[in-house]
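The sequence and the coordinates are shown next.

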Amino acid sequence: MIKILLTGDNHFGLNYSRYPDVAEKLKNGRLQSLQKAVDYANKQNDDFLVVSGDLFDTVKVPSKLVRSVLEILASFEKTVVVIPGNHDYYSGEEPVWQHFEDEIAKQGYNNILLLNEFKPFHVDTDDGEEVYFFPAFCQEKKSDKNNLGWIKAYDFTALPADAYRVGIAHGTIEGIAPDMKNEYFQMSQSELSAIPVDTWLIGHTHIPYPDNLGDEFVECGKIFNAGTHEQTDLANHTDGECFEIVLDQNAAEKVKARKFISGTYHFNDIDVQVSADPDDTDALKNALEEKTGEPDNKTVVRAKVSGTVTEDEYKRKKDVYAQVLGSFLTYEIEDADLTELITDKMIDSEFAETSFAAKFLKALKEDPKELQMAYDIVKRCE
């Protein structure tokens, strides 16, 4: 039996330029989450920690960051296996991997393996299990062809019958991740399943596959993509997680897996719709609180606010945002569709009481959306 903790798409070097005030916290959060994953793998006595590509966000990251990442990986008590992805591709000249290999040699991190050749890599576990890793890493940012060809052509009968065979690849899985132009080393499930390995550990897609794993081991297929260990941005709707996978050739359930939540910081994208009556001066505040819940200083919030609020609350909306969202890590607001509640008082202040416009608008009071549209049209026609 062997146990693997799978991570990938860690994207160290991500700048978080959208959030300059908290960028350093978010960057450090990625490191903290990797340490969580390593600590968990050590606690579970896992045999391997596998990084399925995009450990780094680009092929040029500061050497100091490479050292920090390697220090964490080296704290895993057994073997770390890393393949390059499409963001940190490997052709032999990339600075990130030169720093990576130089630091490994300098510090004597003998437990970290960079799989940068298209060949099987043989590792024995402490329990004497033989494991062969078959990497399909990336040599460039984009390609309409995957790198499974050499593995398909490999003579698996040359391996010991009781050896474990682990495929590691980076690229989209057809039908699971969008790749409409076939630019990202696309692989099909049938193509992967036809190759005689015990499991496939895939990177590239930031959404976990399968997406129904819990914290207890369950029997699975053999294709896994753990997503990212730390939520990357507002478009990435995960908690940040890793997969723990058990392969046991002698068990009825030969492949089992569960997930481990490793994320530190989170991104919450919320839609807030407000509908106030003339006496409700806290409609915006209440709607925001209902959507966000308890403040969390490890969460970034983007609130898309629409609807109508009273004139008073509209004028102090920035103060309302700060009051409700100020205790989160940071927040941003999109409220172009938030307007003042149109009242008789507002209409009378802008239009003559006996004018067509005033009568027309007041006739629409029972339908706020229609009233708002009509008000906007009338104002444009002035």
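Val301 lies opposite Tyr331 in S15. Strand S14 (residues 299–309) runs parallel to S15, and 9 bridges join the two. The model is predicted: local features need pLDDT of at least 70 and side-chain atom pairs pLDDT 80 or more, while totals for chains, interfaces and linings use all residues. Residues are numbered from 1 along each chain as its sequence is written, and side-chain values use heavy atoms, leaving out hydrogens and water.

Helices (H or I, at least four residues) and strands (E, at least two) are DSSP runs numbered from the N terminus; two strands pair if DSSP finds at least two bridges between them.

The order S13-S14-S15 forms an open sheet of 3 strands with parallel pairing. Strands S13 and S15 stand at the edges with a single partner strand each, so one side of each has no neighbour in the sheet.

| Edge strand | Residues |
|---|---|
| S13 | 266–275 |
| S15 | 330–340 |

Helix H6 (residues 283–292) packs on this sheet and touches S13, S14 and S15, where contact means heavy atoms within 4.5 Å.

Helix H1 covers residues 23–43; at 1.5 Å a residue its 21 residues should span 30 Å, which agrees with the 30 Å between its end C-alpha atoms. The expected span is 1.5 Å times one less than the number of residues. Just after H1, Asn45 takes a positive phi of about 60 degrees.

Phe133 touches residues including Phe48, Leu115 and Ile168, not counting residues up to four places away in sequence.

Conventions. Axes are lines fitted to C-alpha atoms, for helices over the stretch in contact, and angles run from 0 to 180 degrees between N-to-C directions.
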